[in-house]
Amino acid sequence: MNRYQQYIDGEWCDASDGQTMTSINPSNEEPWAEFPAASEADVNRAVESARRALYEGPWGSITATQRGKLLSRLAALVREKALYLGEIETTDSGKLARETRAQTAYVGDYYDYFAGLADKIEGKTLPIDKPDMHVFTTRVPIGVVAAVVPWNAQMFLAATKLGPALAAGNTVVLKASEVAPATMFEFARAIEEAGFPPGVVNVISGSGEPCGRALTSHPGISRVAFTGGPETAARVVANTASNFAVVSLELGGKSPILVFDDADIEGAVNGIVAGNFGASGQSCVAGSRVFIQSGIYNEVLAELENRARRIVIGDPLDDATQVGPLATRMQVERITQAMSEVASQGASIRFGGGRPKEFPKGYYVVPTIVECPHQEVTTMREEMFGPVMSALRFDTEDEGVALANDTRFGLGAGVFTENVARAHRVSAKIRSGIVWVNTYRAISPIAPFGGFGMSGYGREAGLDAIEDYTRSKTTWINISSEPMSNPFVMR
Ligand code: TXE
C-alpha cells in the first residue's frame, strides 16, 4: 500500500483526527493507496495558511515576474516527472497510461503559458470626466482560491485552475477527489520542489462531507473553482452563500456531434470514436449524442461498429490498450442500469452493452453503441461517463441543429462537414462553449475552455482565465493643489 500525506503550510501531515481513506485500483479492484481524510480542522489550517501566505507572507509582495519564474520551474518539473505522475494517475483512476503520461507532459505547457502571462496583467488609466483627478485601475488577485477537482483528468484540471490563480497572485487550497487523490499528492511534491513559499499551494483530500463543504463555505475563501457533476455543483454554489466567493463551474454535459452527408467519413468516425471511447468515455467533453444525416447513417454506423469491435480493452498501464476500466464501481452500475432501460425506451443496443467476459475483475465496460429513435432515452439524456455513444438519424440541417441544442448542457460540440459555409453556419447556431469542426477533443492553454447552461460558467485557459482570477480595483488621486471641497455632494 502506498501511504500519502497532505501538504499544508509547506509541511506533510496526516489528518488532524487520524482519519484515512483508501483508493482502489480500478483495473483489479484492489486497495492500493491510503490517504488522509481531511477534517474541518485541516481545512481551517489550510485556508489560514493560504491567507497568511497571501496577506502576511512573501507571496503578496513578490513581483509578478518572480511568480512567473516559479510557474516556469513548476512547468519543467511536471514535464520531468510526467511518466511517473502519469503512471500514478493510471493506477489510481484507471485512465490509460498512454494518455495520462502525454497529458501530464502537455500540462507543462499550461503552466508555461500562465507563467508568461503573470507579468502582463495590466490596468488602465481612465480619461475621467473630472478635472484634477488621476484615476486608474489595477487588476488584483481575488484572494484564497478553493480548487476542487474530480478524478478524471486531475493534472489537466488542476493546471487550468492553479495556472491562472497563481499567475494572478492568488493562493490556493486544492482539494483532490476522494476517488483517486494520489496524483495530486505526488504533484504537491513538485510544488514544494519548485520553491513556492509555504501556504501558497496547500493540497488536501477528503469527501464532500465534511471536507468539500467546509472548504467551499469557509469565510476565508474568496474564489471557488469547481469541476465535477451538476448535483455537487448545486451544493457548492449553495455553500458559497456564506462567503460570497466568486465561483466558476466546469460540469461536463451531453455534447452533440453532427455528421452531415458531405462529411469525410473516416474523419467523422475518428471524431466520434475520440469523443466516445477516448478516455473510456470519462470525459467532460464526451460527444455522446451523435446525430448522423440520413444519406450516410448506415455507412457511418457500420464503420463505428467495426471500430468498436476492434477496440483493445485491457490493462490501462499497457500501451496497446485503447479502453481501460472506469474509475468506480458506481459508474459501471449506472451504465448497466441505463442499458436495462434502453429497450423499453424504444432504442436498441447495436454493439456492446455490458461488462466484457474476459475481465471478471476490474470496472470494465465494452464500448457500446445505442441506436435511438428519439432523445428520450437515458443514454441520450444523461451523462454516462463511460464508453457509451447514442446515435440518432436526422434529415435536414435545421433538424440536426435543433436536436443538438435540445439539451440542458452546452460544453462541447462537433460538426463534420466538407462545406465551409455550413461549418460556420452550424457552429454559430450551436449553444455550447466549444465547437470543433472536423476534429474533436482538441485542447490548448491558449483556448478558453468552459460551458453554457448546466455545463457551468467561467472560462478555464486562455486570457479569459486570468480575468476570472482577478478583480479590477479603482484608485482616485486628487492631483489639484487645492484641498477637497463639497463634502455633502457626491458626483
Ligand atoms: O463528482 P463529484 P464524482 C460527473 C460524472 C460523474 C459524476 C460524479 O457524470 O459520474 O459527475 O462524479 C467534491 N462541497 N463528472 O463523484 O461528486 C468531491 O469530493 C464541495 C463530470 O467524482 O461532483 C470531488 O473532489 N465539494 C466531471 C469533486 O467535488 C464537494 C468530472 C467532484 O465530485 C462536495 C467528474 C460538496 N458538498 C465527474 N461534494 C467533468 N466535468 O468532467 C463532493 N465534492
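A word on ground rules: residues are numbered from 1 along each chain as its sequence is written, and side-chain values use heavy atoms, with hydrogens and water left out. Since this is a predicted model, local features need pLDDT of at least 70 and side-chain atom pairs count only at pLDDT 80 or more, while totals for chains, interfaces and linings use all residues.

Let's start with Q154, found in helix α5 (residues 154-167); helices are DSSP runs of H or I with at least four residues, strands are E runs of at least two, and both are numbered from the N terminus. Q154 has a relative accessible area of 0%, so Q154 is buried (buried is under 20% relative accessible area, exposed over 50%, partly exposed in between, with a 1.4 Å probe and protein chains only). The Q154 side chain reaches the backbone oxygen of W151 at 3.4 Å. Setting aside residues up to four places away in sequence, Q154 touches E89, A180, P181, T183 and M184 (a contact means heavy atoms within 4.5 Å).

Over in strand β12 (residues 246-250) sits V247. V247 counts as buried because its relative accessibility is 14%. V247 and G458 are 211 residues apart in sequence, yet 7.7 Å apart in space, C-alpha to C-alpha. Leaving aside neighbours within four places in sequence, V247 is in contact with R223, V224, T240 and Y457.

On a 1 Å grid over the protein atoms alone, a cavity is a set of points where a 1.4 Å probe fits but cannot get out; a pocket is an open set with protein on both sides within 12 Å along at least five of seven lines, and lining residues have an atom within 4 Å of a point. Grid points are joined across faces, edges and corners, and a volume is the space filled by probe spheres set on the points.

| Space | Volume |
|---|---|
| Largest pocket | about 1,000 Å³ |
| Second largest pocket | about 640 Å³ |
| Largest cavity | about 70 Å³ |
| Second largest cavity | about 30 Å³ |

Of the 41 residues lining the largest pocket, F226, G228, G229, P230 and T232 are the closest to its centre. Helix α8 gives the most to that lining, with six residues. The second largest pocket is lined by 17 residues, and K130, M133, M484, S485 and R491 are the closest to its centre.

As for the cavities, the largest is lined by 13 residues, with G281, A286, S288, M384 and F385 nearest its centre. The second largest cavity is lined by V332, I335, T336, M339, G353, G354, R355 and V365.

Key. A polar contact is a pair of N or O atoms within 3.5 Å; within protein, one must be able to donate a hydrogen and the other to accept it, and residues adjacent in sequence count only if both atoms are side-chain atoms.
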